[in-house]
Amino acid sequence: MPNHEVYEVDVPIHDTADPARRGLHVFTGVADSPAAALRRAHEVYDAALAAQQAGLEAPGKEPDSWGASGLRPGWQMEWTAAKAGPWHNPLSCTPRSCFEL
């Protein structure tokens, strides 16, 4: 049985009108490997982009918790530079990291 855990896929983006403007689009969801996470992120992005281009609302999160929101018209995803790995909640902390000054 595959080990399912929450993954994060970080995809660099740039503004096609001003390539110096750069950013990062982050996807999260359940997968059994970094490769599967990258595939799912790309799939939900493609579905959201198709909905946006058709003038429809972006699909919500799917049962495996993958979804795409906040797509910016005119911004290009750089999928070849995408990185996938286990998700680390920026709001989680250990007693040591939360209470040490």
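Mentor: The count comes to one cavity of 30 Å³ or more. The rule behind that count works on a 1 Å grid over the protein atoms alone: a cavity is a set of points where a 1.4 Å probe fits but cannot get out, and a residue belongs to the lining if it has an atom within 4 Å of a point. Points are joined across faces, edges and corners, and a volume is the space filled by probe spheres set on them. This is a predicted model, in which local features require pLDDT of at least 70 and side-chain atom pairs pLDDT 80 or more, while totals for chains, interfaces and linings use all residues. Residues are numbered from 1 along each chain as its sequence is written, and side-chain values use heavy atoms, with hydrogens and water left out.

The volume of the largest cavity is about 30 Å³. Its lining consists of Val44, Ala47, Pro59, Gly60, Glu62, Gly67 and Ala68. By class these are four nonpolar, two polar and one charged residues, where Ala, Val, Leu, Ile, Met, Phe, Trp, Tyr, Cys and Pro count as nonpolar, Asp, Glu, Lys and Arg as charged, and the others, including Gly, as polar.

Alanine 47 belongs to helix 1; helices (H or I, at least four residues) and strands (E, at least two) are DSSP runs numbered from the N terminus. Between alanine 47 and proline 59, twelve residues apart in sequence, the C-alpha to C-alpha distance is 7.3 Å. Although alanine 47 lines the cavity, this residue counts as partly exposed because its relative accessible area is 32%; buried means under 20%, exposed over 50%, and partly exposed in between, for a 1.4 Å probe and protein chains only.

Lysine 61 lies in the loop between helix 1 and strand 3. With a relative accessibility of 63%, lysine 61 is exposed. Its C-alpha atom is 8.8 Å from that of valine 44, 17 residues away along the chain. Beyond four places in sequence, lysine 61 is in contact with Thr28, Trp66 and Gly67, contact meaning heavy atoms within 4.5 Å.

Serine 65 is found in the loop between helix 1 and strand 3. Serine 65 is not a glycine, yet has a positive phi of about 70°. Most residues other than glycine have a negative phi. Serine 65 is partly exposed, at 26% relative accessible area.

Now consider the packing around these parts. A nonpolar core is a set of buried Ala, Val, Leu, Ile, Met, Phe, Trp, Tyr and Cys residues joined through side-chain atoms within 4.5 Å. The largest one has 19 residues, of which Val9, Val11, Phe27, Trp66, Met77 and Trp79 touch the most other members. Strand 1, strand 2 (22-31), helix 1 (34-53) and strand 3 (75-77) each give two or more residues to this core, and helix 1 gives the most, with six.

Methionine 77 links this core to an open space. Beyond four places in sequence, methionine 77 is in contact with Val11, Pro12, Ile13, His25, Phe27 and Tyr45. Met77 is also among the residues nearest the centre of the largest pocket, together with Tyr45, Arg72, Trp75 and Gln76, out of 14 lining residues. A pocket is an open set of points with protein on both sides within 12 Å along at least five of seven lines. Helix 1 and strand 3 each give two or more residues to the lining, and the volume is about 190 Å³.

Finally, a word on confidence. pLDDT is the predictor's confidence in each residue, from 0 to 100; its mean over the protein chain is 86. Over residues 97-101 the value stays under 50. Where pLDDT is low, the predicted coordinates should not be read in detail.
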